[in-house]
Amino acid sequence: AGLGLSAGRMLITVRFEEFNLDVEIAYQGREMLFSQVRPSEEELLKDDSALARLSGFLITHMADRIKTEAKGDQCRVLLHFDH
């Protein structure tokens, strides 16, 4: 929401079972992209979008699987964590 990707409320669903944690984020807006490349320190100081790229980069290193879906302006982010 802080990145201006969502145009309203977000629905976050969390499911936990013995070996898995799944997080689903559904919202109306623009699809979130997850960077595989860490922005440089210079980019973080000069580029307003670099913080969003850093966030996406960190999430890719924490989650075991990430899936994004977009149909029109309806978006979903699915994060899976092995416990």
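I began with His80, which lies in strand β4 (residues 74-82). For the labels, I took helices (H or I, at least four residues) and strands (E, at least two) as DSSP runs, numbered from the N terminus. The model is predicted, so I noted the limits: local features need pLDDT of at least 70, side-chain atom pairs count only at pLDDT 80 or more, and totals for chains, interfaces and linings use all residues. Residues are numbered from 1 along each chain as its sequence is written, and side-chain values use heavy atoms, with hydrogens and water left out.

**Entry 1: His80**

Is His80 buried or exposed? I found it buried, because its relative accessible area is 8%. Buried means under 20% relative accessible area, exposed over 50%, and partly exposed in between (1.4 Å probe, protein chains only).

Next I looked at its side chain. A polar contact of 2.7 Å links it to the side chain of Asp82. Such a contact is a pair of N or O atoms within 3.5 Å; within protein, one must be able to donate a hydrogen and the other to accept it, and residues adjacent in sequence count only if both atoms are side-chain atoms.

Then I listed contacts (heavy atoms within 4.5 Å). Setting aside neighbours within four places in sequence, His80 touches Asn20, Leu21, Asp22, Ala63, Asp64 and Arg65.

**Entry 2: the sheet**

I traced the strand order next. The open sheet has four strands, in the order β1-β2-β4-β3, with antiparallel pairing. β1 (6-17) and β3 stand at the edges with a single partner strand each, so one side of each has no neighbour in the sheet. Strands pair if DSSP finds at least two bridges between them. I counted seven bridges for the antiparallel pair β3 and β4. Glu69 stands opposite Arg76 in β4.

**Entry 3: helix α2**

What should the 13 residues of α2 (residues 50-62) span? At 1.5 Å a residue, the answer is 18 Å, and the end C-alpha atoms are 18 Å apart, which agrees. The expected span is 1.5 Å times one less than the number of residues.

I listed the buried residues of α2: Ala50, Ala52, Leu54, Gly56, Phe57 and Thr60. They pack against α1 (41-46) and β3 (65-71).

**Entry 4: Met32**

Met32 sits in the loop between β2 (20-29) and α1. It counts as buried because its relative accessibility is 18%. Beyond neighbours within four places in sequence, Met32 contacts Leu5, Tyr27, Ile59, Thr68 and Val77. I also checked Met32 against Asp47: they are 15 residues apart in sequence and 17 Å apart in space, C-alpha to C-alpha.
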